[in-house]
Structure formats: structure tokens, C-alpha cells
Amino acid sequence: MENTKENKLPQGTRKLGVMDHIRIIRDKPMFPLIFPLTVLILIIAGFGIATEGGFFRKTVLMGVFNQALIIATVSTAMTFVFAAGNMDISVGSAMAFSAVAGVYAYNATGSVFFMVVVCLVIGVVLMSFNGFIHAMFGVRTIIISIVMMQLYSAIVSLILGPDTVSIDYGLCRQLENAGFRNISFILFFVFCMILFHSTSVGRKLKFVGGNARCAQQTGIQYKNTVLISFAVAGLGVGLSAVFSIIRTSTVGTTLGAGMGMDVMLAVVLGGMSIFGGSRSNAYAGLLGAVTVSALNKGLLMCDVSPMLIQGVRGIVFLILVFLNSERPATLPSAQD
Amino acid sequence: MKKRALALALVLSMTFGLTACGNGNSTSQGSNGGNTTTAQADSGSGETAAPSQAGAAGEAKTPQDFKKFKIGVMESQSNDSTVLRRNYYENYIAPRYNVEFVFSEQVKSAEDEMNFIENCVDMGVDGIISYRSSPDVNQIIQVCEEYELLYSVNTTRTPMVEDAFTGGYQTMTGVWGTEPSIVSNEFKEWIKSVASEDGSEGFMVTSALAFQGNTMHAECTQGVLAALQDIYGLTYEDTIENLAATSVPLEVPNDKGLNIYIYPGTNSTSDNWVQGASTALQTGKYGVFLQAAPTYGYTGVAVDEVERGFDMNIKVAVNASISDTLVTAFNTDDKFGNSSLDMATVQSVSFLSAMGFIQVYNHLTGYEHLNRMANGEPAFFNMPIWALSSREQVNQAATWDNAEKETWIFNEDAINAALGICNPDLTNEKLVDYYKSITLDWVIEHMS
């Protein structure tokens, strides 16, 4: 029977294997959105059943969102950098720097508006500086970010020492209860979605990420495009610094530690390759961050031990990364 | 001697006088094994759900008279002490005191701490025991106050966390831990006993999380610097507090030109920490190596290499807990046939962990006055620390907190002696004295 079936195939072709089928599904245009969204829904539904509905409570779901908000903000902004085939792991240190400056600004003036402005400006300046060095001198962004991460951390440690700086907890709760973080995030997310998916900025970034040389030959200005991506990333870093201040009302040297990796993880889990290119999108960060947050909360609520949580999370991440990370075979990318 | 006899008498009187807790109506209760099968006090009493209704003075109760409390445990590190603590809470305390524990992953920042607290609220947790010593306590207690969640933290009362004590927070059960100055003094005494007359051997200190505000690590490092100042009459170019809090490796400038090197961080704060520590040791400039945190498992190889390479006997002291790693280190010979570690200031995991549990449990069962000082502020319970400097001492100590054999320094009797439900007449002052009375001599006698 097998031989008969094989014989029916046209000459020069072969039977598709399981991996081929997976690749075909993975290459569908809507896969980057549908797959992570489905996984997220399944995770929430699974935990809902396991906790006998406890996970569906409004406070729990809001908690998942709240805990994902900071990573989601940075990740959404960083998709602009990743889309162009660049990487930056200094976002955590830059966020801590912005947050320290913001708290000092608030304590000096008593103005929330001034605090927000300082955070945003510092965030944009720091990240744009990273992008500027790359654009001007051609140094790889990952190398720049490693150096800058050390530099920004050292400055924060120098300013704070073993202490923390804080602002009035009551004020932070007022801002939180008034929905400041949620509304700001939604506005920022909509801004990023429009910029990425409805303007030439997103198209250029994806083109550059796919093949920078090819993009340049079509008239796209690589330096400008990269600088824009880092400026948007800086905006996200600054905003996440504000969110962080409001959430904990305190800033210490541990703020932002390991965030670079968390952001990359969130973006990949959200269905985007960190190597950028045509399948990049602006919503991957949000999807990924919420997935991580839901997993953390759900596993804890299911009484899974912390050691097992790490294992289970690792397995889920591996599966998602395997299915999300590979790009369709196209022209050579910047990395190639 | 009189003091020891008095301490022993106090502990014995509390322990034996209070064994009625749970035994008055219990069918069986082993002090070092087996689950408590305490019966209900009487059929009509029912469970006391609300803490405010519990703990009527003058009347002893059993854990079964209360609802099953849920307690969150927040860990900032991941090492053999945390594994042992988890075992103690889950397998020893939980079945005996009708409580359930929820454990965090490694909490590294205030954001992580907030996330865990929120998750605990969603899970119906009644109180949090935090092992994250940081200046964020002032903020975190406000979060717990908002959620009406009890908060007990393993730290000391320092100016950085003063607001948590004076803010009038009802849910702040207090803090507990080792008075850092005691650790500092132990390090001082040890340095005096091993240091040369001219200090030419050089001194390296790993200050661990002192730069992040960890009080214990900061005081340890400060103690070492102060000891060196005392012994050699040094003048530093900066204050000892500032030097100890350095976030970057630092050759401590001093007028005598002694080699004193502070190396901050731990293997969990930086991937390159071990390499950096090894590189510093391999300069051969440091003959005395002091560690403010139990990082000897990571630096042992480097010390051994330097001892062999430079033919120098490095003296090593560490601030740690009684654990398998510590025992192994003490029982491993160096090139000169000595122990790899020369001195360790140690805490008992069960003692430290029980203090946190007792604080929260007393509050939950209506004995919050045990956690309040005379002026109404949350109490600080001081835990003794012991200096061990021989294999015999360490090997003996290794048998005290043993999860496999289920022997714990702070066993059921010791816990009962500190609980309001077992001792309705207990006061905060008596409880403070009780903890103070548990000395190394007492433990040796008690555990043997």
C-alpha cells in the first residue's frame, strides 16, 4: 500500500512530514496573532478550570494585566527595535535611571506632570543615545546595550547607594485607582499600533529588519529609521519608569534587573521573532507579557511549588519559542 | 554561670509549663515527629474564623480551634537554607498548627514583592513572612495594610525602615532577626585572633548585598572594617558606612597602605561575580577572606587554587546558616590539612523560620499584643547567632536541623512556648527574654 501511495506522487516531490505541516501552518500570515492568542486563552481557561473558577475573578484577571503592564509597555516599544533586526538589553537599567530622575523631579517640585515629563525625556534620551552610537559608528546594538547597561546601572547605584528613593504612597494609590497606568498604557499601545501598522515607519522597520542593504537600495534611510525605533523604545522605557514608580512608590538599585531578557521573552512568546523582519508586529509584547503573568499567577494559584513553576514555565516557553521564533525563508536578513 | 542557669531555668519552665498547648484535649502529640491529632477543645466551641475573636485571655486553645490559616513565604534567595526552611514549614509546622504555606519564587525587587503579595491576596492568604531584607519595607507595609494582610519581615530596625514601625500600621506584626552588631562583633573577635601584627597578609571582604541595603551584610562588612581599624589604627579616606555600601569593587584607601578589598554582590546578582572574586583572590594579595553571605560554595575552588599556587594558608570566615554545604566545607581539608572554612557565624534555619511563623501566628490567633512593645510599636525580636570554628562543632550542629530525621532546634515544644494560644499569660517582654535565653549552650544541651 505504501509503495502505491509513494508512486502516485509526481516525480521529484516527496511526502510532507509532520515538520513540514508545522512549518506550513507557522508560515500562515495570521499565525503570529492567532497562535499566541489561542495559547493565552487556553492558559487562562485551563487555570480557570483548575482553580474552580477562581482564576476568572475580575480581581485576578486585572491582577494578571497589572503585573504584565510594565513588561508589556517596554516590550511593545521594543518591538520597533527588534523589527529592524536590532537588540537592546539595557532597557532595565535605562528604566531605573529614568525612574530615579523622575522621583527626584517629583520630590523637588511636587508635580506629577513634571515627574512624567522627566521620565519620558530621560528614557528617550538614553535609548536614542544607544541608537545614535549604532547609527553613527556601526557598532552592533547588542554590544552597545551591554556597555550601556553597566553604565546606567553604575550611575543609579552611585546616586542611590544602598538606599531607595520613594514618593508618597497615597499619591501613587490615587493615580493607580484613577486608572492612570491603564489609560496611559492603552493610549501608548494604540499609538504604537498605528505607528507600526498604519504608517511607513512600521513598513520601513520590517523592510530594514528583513534585509537592511536591500532596504537602503530602495531609498530607505537606515540611520533615520533606526533612530526612530530607538526613540519610540525610549518613550516606552520612560513610560514604564512612571508605571514602576506608581506601582511600588519606591525606586531601588534592583529596579529593572533582568528586564532585557524578560522583554525578549515576552516578544517571542507574543509571536514575533526577535530577529525582526516581515512578521514583526506591535502587539507581540503585550500578548507575551500577559502570557507570562498569567502563567506565574495561575501556577501559584494551583499550588504548584516554586521550583516546579520554573520547570513548567520553561517547557511552555520552549514550545512557544520553537513555534514562534523561525522566520519564513526569504531574502537574507541583517544577521545573515 | 548564674546567667546560664537562669536562662536554662527560664526555658525549661516555659517549655514544660506550656506543654498543655494542644495536649489538654489531644489524643496524641509527638514533640519531634508524627502529625498532631489534636481533638477539638469541645464540641460546642467550633472554629474561630476571625482573628479578632480569638485568643481570649486566660484560656489555652489548640490550633484546631481556629480556621486553617494561609501564610505566604517570600524568599529573596535560593539556596540550601531556603530548601530546608520550606521543608520545615511544609512538613513540620503546617500539619501541627493547621496552617498552609504558599511559597514565592526568588523575589528580587519591590515589583516582584508586589506581585507576590497581590497573588497571595487572590489566594486568600492571611499573612506574609518575608525574608527579603530591603529598605522597601516602608512601602510594602502600606500595600499590606491596604489589603489587610499581616506582614512580618526578617530584618532589623534601622532608620531606613523606621516608618514601618512608627506609622501605626495594624498589619505590621514586627520584625525579627539577628542583631547585626552581634555578627559584626564575632567577625571582629575572629580577625583579632587570626590577623598578623602588621596586617601584611591582606584582607578581602565580599560584602554581598550591602550595596542594596541588606542590613546584615552591611553590618558584617562594617564590622570587618572597624576591626581592622581597631587592630591597626587605620584611618580610612571615607566613612566605614560608605565604604561598606560600595556597589563596585573597591581597594579601600587607608593611611597604612594595607591591602583591603571589598567585593560587592553575590553569584545571583551578577553572572560574572564568581569570576571577579576568583580573579581578586588569584592576585595572592589576600590572606584573610571574609564573606558576609554564604558564598563559600562558589569561592572554595578559587581559594584552594590560590593556596596551592602561592603556598599560602588563606583564613576564611563566613556568615551563614547551618546547612549541608557548610558541613561539607568544614570537613574538606585545604592544602595545609586545615578546614576549608575557619569560622562561621551561623543561624539555625528552624529557629529563624519559627520566629517569623510565631509572629504571624500569634497575630492571627488574637495575640497581637505579643508583637507590640510597651509603646505600642511593632516589636523587634532578636535572634542569637553562634560562632562555630571547629569541625566538631559544625558536625554536631549539622544534626540539629535535620529534615530527614525531622529533628529541629525549634521543635514543637519550643514553638508552643512562644505561642499565645498555649500561654495566655505570655507577654512581649517574656517572649523577648525567651528568645534571648536560647543560647548555644542551651541548644547543645537540649539537642543532645
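Modeller: In this predicted model, helix H5 (residues 91-109) of chain A packs against helix H7 (residues 141-160) of chain A at an angle of about 30 degrees, their axes lying 8 Å apart. Helices are DSSP runs of H or I with at least four residues, numbered from the N terminus; axes are lines fitted to C-alpha atoms over the stretch in contact, and angles run from 0 to 180 degrees between N-to-C directions. H5(A) is therefore roughly parallel to H7(A), a term for angles under 35 degrees. Their crossing is left-handed, that is, the near helix is turned anticlockwise from the far one by less than a right angle. H5(A) contributes Ser93(A), Ala94(A), Ala96(A), Phe97(A), Val100(A) and Tyr104(A) to the contact (heavy atoms within 4.5 Å), and residues of H7(A) in it include Met149(A), Tyr152(A) and Ile155(A). By class, this contact has 11 nonpolar, two polar and no charged residues (nonpolar: Ala, Val, Leu, Ile, Met, Phe, Trp, Tyr, Cys and Pro; charged: Asp, Glu, Lys and Arg; polar: the others).

Between them, chain A and chain B bury about 2700 Å² (accessible area, 1.4 Å probe, lost on being put together, summed over both). Across this interface there are four salt bridges (a side-chain nitrogen of Lys or Arg within 4 Å of a carboxyl oxygen of Asp or Glu). Lys297(A) forms a salt bridge with Asp122(B), the closest N and O atoms being 2.3 Å apart.

Residues are numbered from 1 along each chain as its sequence is written, and chains are lettered from A and ligands numbered from 1 in the order in which they are written. Local features need pLDDT of at least 70, side-chain atom pairs count only at pLDDT 80 or more, totals for chains, interfaces and linings use all residues, and side-chain values use heavy atoms, leaving out hydrogens and water.

Terms used
Helix = DSSP H or I, 4+ residues; strand = E, 2+ residues; numbered from the N terminus. Parallel < 35°, antiparallel > 145°, perpendicular 65-115°, else oblique. Buried area = accessible area lost by both parts, 1.4 Å probe.
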